[in-house]
Amino acid sequence: RTVDVDVKIIAATNKDLDAEVAQGRFRADLLFRLNVVRIHIPPLREREGDVDILAQAHADRLAREFGLDFQGIDPAALARLRAHDWPGNVRELVNALEYALNTMDGAV
């Protein structure tokens with residue numbers, strides 16, 4: 001029997017799909033179906049100032065989840081986070097913070 005559904009598909013990639021189509025590595029018809037609303041989110045390394053906000057928010061959240069006494073990120077550590085290129089984007093940042101919280105001495 002037929003069941004009517006109403007769905008939205010959200011797809012993400014780190015590839016330039018227009019270039020992939022031009023080179024024959026991605027189907028043009030599929031791109032046309034997926035490309036209703038295109039949102040470009042630049043990599044973390046290009047979003048100056050976001051590292052501070054994201055690091056603090058995720059560190060606070062993780063510390064709550066782990067039940068840790070957490071008073072914030074040391075300014076020197078924050079400077080090192082800002083200096084990193086973050087090829088893994090936000091996921092890499094969150095993993096680094098999780099490691100730091102699990103191995104830190106003290107509340108900062």
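I looked up what helix α3 packs against: its buried residues pack against α4 (75–83) and α5 (89–103). Contact here means heavy atoms within 4.5 Å. Helices are DSSP runs of H or I with at least four residues, numbered from the N terminus.

This is a predicted model, in which local features need pLDDT of at least 70 and side-chain atom pairs count only at pLDDT 80 or more, while totals for chains, interfaces and linings use all residues. Residues are numbered from 1 along each chain as its sequence is written, and side-chain values use heavy atoms, with hydrogens and water left out.

Next I listed the buried residues of α3, which are V51, A55, H58, A59, L62 and A63. Seen down the axis of α3, they fall within an arc of 135°, so they line one face of the helix. The arc is taken from the directions from the helix axis to the C-beta atoms. On the other side of α3, I found I53 and R64 exposed. Buried means under 20% relative accessible area, exposed over 50%, and partly exposed in between (1.4 Å probe, protein chains only).

I then checked H58, which sits in α3 (residues 50–66). H58 counts as buried because its relative accessibility is 18%. Leaving aside residues up to four places away in sequence, H58 touches V90, V94 and L97.

For the length of α3, I noted 17 residues and a reach of 24 Å from first C-alpha to last, close to the 24 Å expected at 1.5 Å a residue. The expected span is 1.5 Å times one less than the number of residues. Just after α3, G67 takes a positive phi of about 70°.

Note on methods:
Helices (H or I, at least four residues) and strands (E, at least two) are DSSP runs, numbered from the N terminus.
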